[in-house]
Amino acid sequence: MVEGSRLGDGVTVGPYANVAFSHLADHVSVSLGADVQFSVLGRKTYVPPNALVHFSLSYPDTITGFFGQLSITGSGAVTAGVRIQNPDAGHHVEVELDGLVYSTGLEFLGAAFGYRSQLGGGTFVRAGSAIPNDYLIISETTGSLSRIPPGLAGLGPLTVADGTLRPPVTGELTADAP
């Protein structure tokens, strides 16, 4: 269903999908069962099946399909299957800027995903996080990403451990390695 929205040329909206009060640029694809509300999606954005995109902005050429709201996705970013959570439900979301932590005054807030950042499905991201440009993040099965050290872009796939991004293990495997 499409309601109160502006659709560009070549936009496709799949079965059981909902687009409400949003602007979808040319060649955006909203898949089966996805829900897009009060959002602006840039050219060639792909929204995967059953994704929720609410009160969000995506730049062109993204795969945006997080379960959250109030987020910004940079051009070329892939966020399909990412979940945004506030582990301190009922409290204001905090954001970090230049090493200092500030309260947003909001109980609900999404995340900012940098240009060409890629997050593996099932990654939990703390509300208010800012993922830098060019980060490739693969989450382990436990924990929520809450601390993002600077300077890890371009080091290869990063993993989440104990809430913090970790660089890939370096070194060579030997015949004695398990």
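**View 1. Arg116, in the loop between strand 17 (112-113) and strand 18.** Strands here are DSSP runs of E with at least two residues, helices are runs of H or I with at least four residues, and both are numbered from the N terminus. Arg116 has a phi near 60 degrees, a positive value in a residue other than glycine. With a relative accessible area of 42%, Arg116 is partly exposed; buried means under 20% relative accessible area, exposed over 50%, and partly exposed in between (1.4 Å probe, protein chains only). Before you move on, please note that this is a predicted model, in which local features need pLDDT of at least 70 and side-chain atom pairs count only at pLDDT 80 or more, while totals for chains, interfaces and linings use all residues. Residues are numbered from 1 along each chain as its sequence is written, and side-chain values use heavy atoms, with hydrogens and water left out.

**View 2. Asp61, in the loop between strand 11 (57-58) and strand 12 (67-69).** Here, too, phi is a positive value in a residue other than glycine: for Asp61 it is near 60 degrees. Asp61 counts as partly exposed because its relative accessibility is 35%.

**View 3. The whole protein, for orientation.** The secondary structure comes to zero helices and 23 strands. Of the 178 residues in the protein, 35% are buried. The protein exposes about 9,600 Å², and carbon and sulfur atoms supply 58% of it; accessible areas come from the Shrake-Rupley method with a 1.4 Å probe, and for residues only the protein chains shown count as cover. Among contacts between residues at least 6 apart in sequence, 17% join residues at least 24 apart. Contact means heavy atoms within 4.5 Å.

**View 4. Strand 21 (residues 136-139) and its alternating side chains.** In a regular strand the side chains alternate between the two faces of the sheet. Two strands count as paired if DSSP finds at least two bridges between them.

**View 5. An open sheet of three strands, in the order 3-6-9.** The pairing in this sheet is parallel. Its edge strands, strand 3 (12-13) and strand 9 (46-47), each pair on one side only. Strand 6 (residues 29-30) is joined to strand 9 by two bridges, and the two run parallel. Look for Val30, which stands opposite Val47 in strand 9.

**View 6. Val30 and the largest nonpolar core.** In soluble globular proteins, nonpolar side chains tend to be buried together. A nonpolar core is a set of buried Ala, Val, Leu, Ile, Met, Phe, Trp, Tyr and Cys residues joined through side-chain atoms within 4.5 Å. The largest one has 29 residues, of which Val30, Val47, Phe113, Ile137 and Leu165 touch the most other members. Leaving out residues up to four places away in sequence, Val30 touches Thr12, Val13, Gly14, Ala17, Val19, Leu24, Val36 and Val47.

**View 7. Leu7, in strand 2 (residues 6-7).** Leu7 has a relative accessible area of 38%, so Leu7 is partly exposed. Apart from neighbours within four places in sequence, Leu7 is in contact with Val2, Val19 and Leu24. The C-alpha atoms of Leu7 and Ser22 are separated by 8.3 Å, and these residues are 15 residues apart along the chain.

**View 8. Tyr16, in the loop between strand 3 and strand 4.** Tyr16 counts as exposed, at 76% relative accessibility. Setting aside neighbours within four places in sequence, Tyr16 is in contact with Leu32, Gly33 and Ala34. From C-alpha to C-alpha, Tyr16 and Leu32 are 5.8 Å apart in space, and they are 16 residues apart in sequence.
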